[in-house]
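Colleague: I'm new to this one. Could you show me how to read it, feature by feature?

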Amino acid sequence: MSQGLPEGTYPDGLCIDKDGGVWSARWGGSRIIRYSRDGEMDVEVFFPKALNITACTFGGKQAAALAIHASLTPRAGPNGDQLYVTTAHCGACGGDATRQADYPDSGNLFVVDLSGAFVGGEWRFKFAG
């Protein structure tokens with residue numbers, strides 16, 4: 001899963017889009033990589049001021065309601081075409097907290113507008129709770 005990515009970066013959380021692409025958050029890599037069904041890297045979303053990218057998930061109308069609850073600016077896109085991205089502080093999990101000054105957005109939540117480009121995959125099972 002490194003395929004020429006910077007040394008010391010690792011895949012963390014992931015999600016899948018409707019085309020079967022795998023979106024992989026890169027711990028220590030400041031980015032999310034999309035792998036096509038063929039295993040090729042075809043999209044990179046770079047976060048220059050966040051080091052540890054921890055997870056990503058697609059959302060839309062329901063995710064916008066979550067954003068309002070979290071006091072974030074809601075984004076348009078009821079079609080599951082918003083990518084929600086979590087990050088961790090540089091000092092998390094035994095990391096080097098002194099790097100936080102270089103990556104001040106580490107620990108923040110991001111919303112990436114993918115309108116017209118990608119949509120999250122369908123849930124295979126409904127939540128029973």
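Modeller: Happy to. Let's begin with a pair of strands: strand S6 (residues 82-88) and S7 pair in the antiparallel sense over 5 bridges. Before we go on, note that this is a predicted model, where local features need pLDDT of at least 70, side-chain atom pairs count only at pLDDT 80 or more, and totals for chains, interfaces and linings use all residues. Residues are numbered from 1 along each chain as its sequence is written, and side-chain values use heavy atoms, with hydrogens and water left out.

Colleague: What counts as a strand, and when do two of them pair?

Modeller: Strands are DSSP runs of E with at least two residues, numbered from the N terminus. Two of them pair if DSSP finds at least two bridges between them. In general, strands of a sheet pair through backbone hydrogen bonds, either parallel or antiparallel. Here, Val85 stands opposite Phe110 in S7.

Colleague: Which strands form the open sheet, and in what order?

Modeller: The order is S5-S6-S7, with antiparallel pairing. Strand S5 (52-59) and strand S7 (109-113) are the edge strands, each pairing on one side only.

Colleague: How do I read a nonpolar core?

Modeller: Think of a set of buried Ala, Val, Leu, Ile, Met, Phe, Trp, Tyr and Cys residues joined through side-chain atoms within 4.5 Å. Buried means under 20% relative accessible area, exposed over 50%, and partly exposed in between, using a 1.4 Å probe and protein chains only. The largest such core here has 16 residues, and those with the most contacts inside it are Trp23, Ile32, Phe47, Leu83 and Val85. Its largest share, 3 residues, comes from S5.

Colleague: Which residues is Phe47 in contact with, leaving aside neighbours within four places in sequence?

Modeller: Contact means heavy atoms within 4.5 Å. By that rule, Phe47 meets Ser30, Arg31, Ile32, Ile53, Val85, Phe110 and Val112.

Colleague: How many disulfides does the structure hold?

Modeller: A disulfide is a pair of cysteine sulfur atoms within 2.5 Å. The count here is 0. For Cys56, the nearest cysteine sulfur, that of Cys15, is 3.7 Å away. Cys56 is buried at 7% relative accessible area, and Cys90 is buried at 3%.

Colleague: Where does UniProt place the feature "active site"?

Modeller: The unreviewed entry puts it at Asp12; such annotations may be inferred rather than shown by experiment, and positions follow the numbering used here, with feature names shortened. Asp12 lies in strand S1 (residues 10-16) and counts as partly exposed, at 37% relative accessibility. Not counting residues up to four places away in sequence, Asp12 touches Ser24, Ala25, Trp27, Ile53 and Thr54.

How values were computed
Helices (H or I, at least four residues) and strands (E, at least two) are DSSP runs, numbered from the N terminus.
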